[in-house]
Amino acid sequence: MDLFIKKRIKAIQKGDQNAYADLVDLYKDKIYRLCYRMLGNRHEAEDAAQEAFIRAYTHIDTYNPEMKFSTWLYRIATNLTIDKLRKRKPDVYLDEEVGGTDGLTMQAQLPSREASPEEAVESLELQETVQRAIERLPEKYRSVIVLKYMEDLSLQEISEVLGLPIGTVKTRLHRGREALRRQLGHL
């Protein structure tokens, strides 16, 4: 996979736009999911993901081949979402749609085993509750929680994506989990 990506990057640097389309196809779902988990809004996530790919394309000459391309792309997307979160007005949260419902099908919310309609609704409500709790976290905790538990990145990868020492990542992960425990203690 790494060899395929490196070949594609070299082709992009030589001006092959189709090679970039291959990379977009490979990473579009992961980048969208990351943006959605960070922003909690489908439209904002689509915009942020698109902007991340545009920035990656226009700055491909700054990509360091020693680094994983996915880590570099995650860093761009994470920085974009953090910028968007910082620009939000504090009252935006009151008017936002309920996270986890816009654009997601009921099937995507169901566990893999056959579930009763009641279990499916309870599961959806729990996921919405957790998503809302994640959205209320300060951005520095939200980013590490999303990257670790939603995107399954290692601590080392999170460190590279956010440009933070591993110790700081561990601290933010611990404090983010504690904040979630406090918010979700009633469950």
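Guide: The buried residues of helix α7 are Ala-120, Ser-123, Leu-124, Glu-128, Thr-129, Gln-131, Ala-133, Ile-134 and Glu-135, where buried means under 20% relative accessible area, with exposed over 50% and partly exposed in between (1.4 Å probe, protein chains only). The model is predicted: local features need pLDDT of at least 70, side-chain atom pairs count only at pLDDT 80 or more, and totals for chains, interfaces and linings use all residues. Residues are numbered from 1 along each chain as its sequence is written, and side-chain values use heavy atoms, leaving out hydrogens and water. Helices are DSSP runs (H or I, at least four residues), numbered from the N terminus.

Helix α7 covers residues 117–136, and its 20 residues should span 28 Å at 1.5 Å a residue; the end C-alpha atoms are 29 Å apart, which agrees. The expected span is 1.5 Å times one less than the number of residues.

Next comes helix α8 (residues 139–150), whose axis comes within 8 Å of that of α10 and crosses it at roughly 95 degrees. Axes are lines fitted to C-alpha atoms, for helices over the stretch in contact, and angles run from 0 to 180 degrees between N-to-C directions. Helix α8 is therefore roughly perpendicular to α10, a term for angles of 65 to 115 degrees. In this contact (heavy atoms within 4.5 Å), the α8 residues include Tyr-141 and Val-144, and those of α10 include Leu-173 and Leu-180. The residues of the contact divide into 7 nonpolar, 1 polar and 5 charged.

How values were computed
Helix = DSSP H or I, 4+ residues; strand = E, 2+ residues; numbered from the N terminus. Parallel < 35°, antiparallel > 145°, perpendicular 65-115°, else oblique. Nonpolar A, V, L, I, M, F, W, Y, C, P; charged D, E, K, R; others polar.
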